[in-house]
Amino acid sequence: AREATKRVKGVLAVVDDITIKLPGDLFRDDQDIAKAAVTTLKWHSWVPSDKIKVVVDNGWVTLSGVVEWDYQRKSAETAIGHLEGVSGVINR
């Protein structure tokens with residue numbers, strides 16, 4: 001929705017104030033998400049997990065580091081974005 005809004009003629013700024021609330025049994029705190037993200041990257045064969053750092057803040061995951069190929073960057077973002085409890089991914 002955020003990306004679609006940016007494409008509307010005349011839109012100069014977008015405030016993304018969407019809150020996602022999961023049922024109690026699906027809730028994951030930042031520590032759980034970070035552990036799941038690190039594990040996911042270790043198991044992902046296309047991503048050099050030792051080159052990527054994970055920071056989680058309020059369900060938002062920031063990935064930073066340097067990988068050799070763009071497909072590795074995109075693969076890391078996609079893998080983390082599908083984890084339960086992740087609100088979004090910032091891929092640096």
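Start by selecting residues 60–65, strand E2, together with E1: the two pair in the antiparallel sense over six bridges. Strands count as paired when DSSP finds at least two bridges between them; strands (E, at least two residues) and helices (H or I, at least four) are DSSP runs numbered from the N terminus. The model is predicted, so local features need pLDDT of at least 70 and side-chain atom pairs pLDDT 80 or more, while totals for chains, interfaces and linings use all residues. Residues are numbered from 1 along each chain as its sequence is written, and side-chain values use heavy atoms, without hydrogens and water.

Within this pair, pick Val55; its bridge partner in E2 is Thr62.

Next, show the whole sheet. It is open, has three strands in the order E1-E2-E3, and its pairing is mixed. Strand E1 (52–57) and strand E3 (88–91) are the edge strands, each pairing on one side only. Neighbouring strands are turned by 20 degrees against each other on average, direction ignored; axes are lines fitted to C-alpha atoms, for helices over the stretch in contact, and angles run from 0 to 180 degrees between N-to-C directions.

Then select helix H3 (residues 70–81), lying across E1, E2 and E3 and running at about 160 degrees to E3.

Finish on Tyr71, found in helix H3. Tyr71 counts as partly exposed because its relative accessibility is 44%, between the limits for buried (under 20%) and exposed (over 50%), with a 1.4 Å probe and protein chains only.

Note on methods
Contact = heavy atoms within 4.5 Å.
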